[in-house]
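Look over the model below, then try each task before you read its solution.

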Amino acid sequence: MADTTAQAPAHPAAGTTAPAPAPTPKQWIFNAFTMNTPGHLAAGLWRHPRNRSAHHNDIEYWTDLAKILEAGKFHGLFIADVLGQYDVYKGPGNLEPGLAGAAQFPVSDPFMPISAMAAVTKHLTLGVTASTTYEAPYLLARRFATLDHLTKGRIAWNVVTSYLLSAAENLGLKDEIAHDERYRMADEYMDVTYKLWESTWRDDAVARDVETKQYTVPGRVRRINHEGKYYRSAGPLQVAPSIQRTPYLFQAGTSTAGKAFATKHAECLFLPGMTVESVRKSVQEIRALAAQQGRDPATIKMIMGVLIIVAETDALAQAKYEEYLTYADLEGSMTLFGGWTGSDLSQYGDDDDFQFAGPGAIRSMVSSWSATIPGTDGVKWSKKRVAQELAIGGAHVRAIGSPHTVADILQHWVDETGVDGFNCSYAVNPGDFEDIINHLFPVLRARGVFWHDYAADTARENYLQDNAGPRLRPDHPGAKYKWPAE
Ligand SMILES: Cc1cc2nc3c(=O)[nH]c(=O)nc-3n(C[C@H](O)[C@H](O)[C@H](O)COP(=O)(O)O)c2cc1C
């Protein structure tokens, strides 16, 4: 397909002054979306002969991936996490259907591979998911501060409140804490962590001065004495101040409470949604909500999920996708769907058409899919079809084709919705991320929408690219706690 976006500058008409140089196109963000499991968003694909995801408990799986992503200039590697198993499908409480396909089970701790990846990279952001619902803020603040040191300012936190009953039961509760209450707790939680990271050590507190014999200068460390509705923490944080202090913050709230939380705290948002209209609406809404919260919308990046399968030609890419599908485990897809939505697909007949039957969540997903897949008018959306659509990449938009086809698809999403970049899922690793690096990135560079190299050494600077340093921007609610040197 022709490159429709790289247009030569128009000739100035005779007698007019030369036009201003074309503005630099927006530089897109690319994240690699992973999880410490054999079956992140592609149940059953662990069996594919090229996929190493079954080796996720080997440290080399992570260090190799980090090196590949950094050589290719991905902005970040991002590790999703859940604290319980998906047991809604054929349930409730049924562990069995997801086991064979490794549908996000087993899952190992996402924090553990970070230091090893930090040791073999210098620029790649390392993002990790952690929940505010089940752990004291002090403990998490200490862990992130330590990792900010060990990564030299490249740690990011995907703030989640956790959505699984199984997680609540694993963590000592009989029931989940109500959704909006979790966000109220999370709001105070963030405040405690900002105080610990930003306000307990004056910027010049650590002297390490052999002459004065002072490691830390007395008078430059203080307590926070936080006593709120949900949390108490005296402080100070034990960890000496790190490069970013507050980790770079990701979030993905979609509910009213979730968006209010995200637009207050997040610096990069993952947007769900499969149609141009729904993503555009989210982008506009988030920018407006952020402004209402006193934030500069330019400091909040928005990236959308996408499954990119790219090869030399459209036909080869499509063949690759179809070959992947032969390994998909549809019982696993339905297990993931049950966990994400709370809907048990086993309650519906094999012949039900979900364009017309089933709960609203499935119907709206089906209408979103059918809007993005050509030639599916009048095709029946059975349970099997729904599971197949989810099988690789979950509910992410798919961009399958030659480098130019994929670039055109992504350009369309950027132009029509205003997103800043993409969170890329995978089916096979190694494989899909390398294909993006080798086939797609050169075309995006030629079009001027993807960088040639990292802008800086820290996470915040690489995502924001505003030359404003590694610390929280002044419009962020955590920035008011900074304790500058006098
Ligand atoms: C790309 C993406 C990644 C997410 N990763 C996680 C995750 O790793 N762990 C988790 O508990 N929730 C994750 N979520 C769920 C969100 O944190 C959030 O619960 C969800 O988007 C629904 O928003 P709401 O709680 O405001 O309704 C993710 C959501 C998206 C869109």
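**Exercise 1.** Are Phe30 and Phe74 buried or exposed?

*Solution.* Start with the ground rules: this is a predicted model, where local features need pLDDT of at least 70 and side-chain atom pairs count only at pLDDT 80 or more, while totals for chains, interfaces and linings use all residues. Residues are numbered from 1 along each chain as its sequence is written, and side-chain values use heavy atoms, with hydrogens and water left out.

Next, take the cut-offs: buried means under 20% relative accessible area, exposed over 50%, and partly exposed in between (1.4 Å probe, protein chains only). By this scale, Phe30 and Phe74 are both buried.

**Exercise 2.** Describe the aromatic pair that Phe30 and Phe74 form.

*Solution.* Step one is the rule: rings of Phe, Tyr and Trp (its six-membered ring) pair if their centres lie within 6.5 Å; planes under 30 degrees apart count as stacked, over 60 as edge-to-face and the rest as tilted.

Step two is the search, which finds 28 aromatic pairs in the whole structure. In one of them, Phe30 and Phe74 sit 6.4 Å apart, centre to centre, with 90° between the planes, which is edge-to-face.

Step three is the location. Phe30 belongs to strand β1 (residues 29-35) and Phe74 to the loop between α1 (59-72) and β2 (76-80), so the pair ties together parts that are 44 residues apart in sequence. Helices (H or I, at least four residues) and strands (E, at least two) are DSSP runs, numbered from the N terminus.

Now try Trp451 and Tyr454: this pair is also edge-to-face, with 5.2 Å between centres and 65° between planes. Trp451 and Tyr454 are both buried. One aromatic cluster includes Phe30, Phe74, Trp451 and Tyr454.

**Exercise 3.** Which residues come nearest to the ligand?

*Solution.* A residue is near a molecule or strand if one of its heavy atoms lies within 4 Å of it. There are 16 residues around the ligand, and Asp81, Tyr183, Ala252, Thr254 and Ser255 come nearest.

Then check the polar atoms. A polar backbone atom of Asp81 is 2.6 Å from a nitrogen atom of the ligand. An oxygen atom of the ligand lies 2.5 Å from a backbone N or O atom of Ala252. For Ser255, a polar side-chain atom is 2.6 Å from an oxygen atom of the ligand. The ligand taken alone exposes 610 Å², and the protein buries 81% of that; these areas come from the Shrake-Rupley method with a 1.4 Å probe, and for residues only the protein chains shown count as cover.

Finally, β4 (155-160) and α5 (179-199) each supply at least two residues of the shell.

**Exercise 4.** What is the phi of Ser162?

*Solution.* Ser162 has a positive phi of about 70°, although it is not a glycine. Ser162 sits in the loop between β4 and α4 (165-170). With a relative accessible area of 11%, Ser162 is buried.

Key:
Polar contact = N/O pair within 3.5 Å; in protein donor to acceptor, adjacent residues only side chain to side chain.
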